[in-house]
Amino acid sequence: MDVDRNVNRGGRPRVLVPIEWRDDVEAVRIIDQTLLPEELRYVDVVTVDQMCEAISKLRVRGAPAIGVAGALGVYLGMRGHEGDSAEAFARALEDVCQRVSSVRPTAVNLSWAVGRVQAAAKREMASGDAYAKAGARAAILDEALAIMDEDRRCCELIGLHGAELIPDGARVLTHCNAGALATAGIGTALAPIYVRHSQGARLKVWADETRPLLQGARLTAYELSQAGIDVTVICDNMAASLMAAGKVDLVIVGADRVAANGDVCNKIGTYGLACAAWVHQIPFYVACPTSTLDLSIRRGEDIPIEERGQEEVACGLGRRTVPEGVAIYNPAFDVTPARMVTAIITERGIARPPYGRGLARLMQSEDGSAGKTH
Ligand code: MRU
């Protein structure tokens, strides 16, 4: 991996851009999020293998961001295939798309974005002329950049819609990182917080540490503190007692996939948080773009849950914390039943129960089409 040496240690970047396309070097520049908060390092990804590794290792992470990364990864993977026969090009495209979309199975944004660039390439190939392969590769890049732009805009709109749900003075609890570092814009769950902060609201954010990989402590705390927002990190097992003590006004989290009935799949620990919020009658909001809705899946229990390596639990804190030889189970996501979700905030508006009808209507809105499918 070609590493940019322009490393910023402890500086205050104005905007965190976790992923961008660099035309000058024909590379995808990402922030290596595994190094945060100690080091803000930008890395240039130039091959599809590097991109698959970066997504798999969570150097680039968060549902919308891995969608963008996957789409750009397909473009990298098709480099050098323009000279292939049409059949070989089509086979290579199929293979690259298959490889990229299977790196992480839970966030639907990855397979959705890969499907979009694949469809764009196929449309171009259908013309069958001599330049179709070069055109197909260009179409992949155009579509990937369009997905990135759309996500940026989605984040802004989610922020504006969600801001209406956050009163001045609110104490907001969030889990994992669903902020700028997880998207091409200002985030999903954190977007309403950024918008309210920019409107002058006084907010306090509780950031769940988010075991095992500490995205809340390492990433949410990093980006919110960089932005001058009052953020306090707590261990995951402290959330319920904070709620019992009346210190939390609302919970807002992101999502990796939302089923047609409104069941929400998100970072492991989200369900426990929802249970605690339910008991304490605290609003539990989910913020995500409509690209995270998967109406082809009826209920949350049908969503594939990624299981990750044992070392993340055994050695996640930089030293071994589980005895050698002891079994470890590490599901990366869980499902929160729709009945525990107060509202789902998207770029097209806010859905409230019953979600079946509300989500279907959101998918059909804006362009009046029959809605998206995955
Ligand atoms: O494993 P991660 O760090 O990719 O998990 C991220 C989450 O669970 C986020 O909450 C979700 O992807 C929404 S990001 C806007």
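Two strands pair if DSSP finds at least two bridges between them. Strands (E, at least two residues) and helices (H or I, at least four) are DSSP runs, numbered from the N terminus. In S15, Gly-349 is the bridge partner of Thr-346.

This is a predicted model: local features need pLDDT of at least 70, side-chain atom pairs count only at pLDDT 80 or more, and totals for chains, interfaces and linings use all residues. Residues are numbered from 1 along each chain as its sequence is written, and side-chain values use heavy atoms, with hydrogens and water left out.

**The sheet**

Seven strands make an open sheet with mixed pairing, in the order S7-S6-S5-S8-S11-S14-S15. S7 (231-234) and S15 stand at the edges with a single partner strand each, so one side of each lacks a neighbour in the sheet. From one strand to the next, the twist averages 25° (axes are lines fitted to C-alpha atoms, for helices over the stretch in contact; angles run from 0 to 180 degrees between N-to-C directions).

| Strands | Sense | Bridges |
|---|---|---|
| S5 (residues 171-174) and S6 (residues 204-208) | parallel | four |
| S11 (residues 284-287) and S14 | parallel | three |
| S14 and S15 (residues 349-351) | antiparallel | three |

Lys-204 in S6 is the bridge partner of Arg-171. Val-286 stands opposite Ile-344 in S14.

S14 and S15 form a hairpin with two residues between them. In a regular strand the side chains alternate between the two faces of the sheet. Strand S14 (residues 343-346) is covered on both faces. Ala-343 and Ile-345 are buried on one side, Ile-344 and Thr-346 on the other. Buried means under 20% relative accessible area, exposed over 50%, partly exposed in between (1.4 Å probe, protein chains only).

**Salt bridges**

A salt bridge is a side-chain nitrogen of Lys or Arg within 4 Å of a carboxyl oxygen of Asp or Glu. By this rule the count is 25.

Arg-116 meets Glu-143 in a salt bridge at 2.9 Å, N to O. That pair links distant parts of the chain: Glu-143 lies in helix H5 (residues 132-163) and Arg-116 in helix H4 (residues 108-125), 27 residues apart. Both Glu-143 and Arg-116 are buried. Arg-116 also meets Glu-150 in a salt bridge, at 2.8 Å, N to O. Glu-150 in helix H5 and Arg-116 in helix H4 are 34 residues apart. Glu-150 counts as partly exposed, at 35% relative accessibility.

Arg-348 forms a salt bridge with Glu-347, their closest N and O atoms being 3.8 Å apart. Arg-348 and Glu-347 are both buried. Elsewhere, salt bridges that share partners join Asp-32, Glu-53, Lys-57 and Arg-59 into one network.
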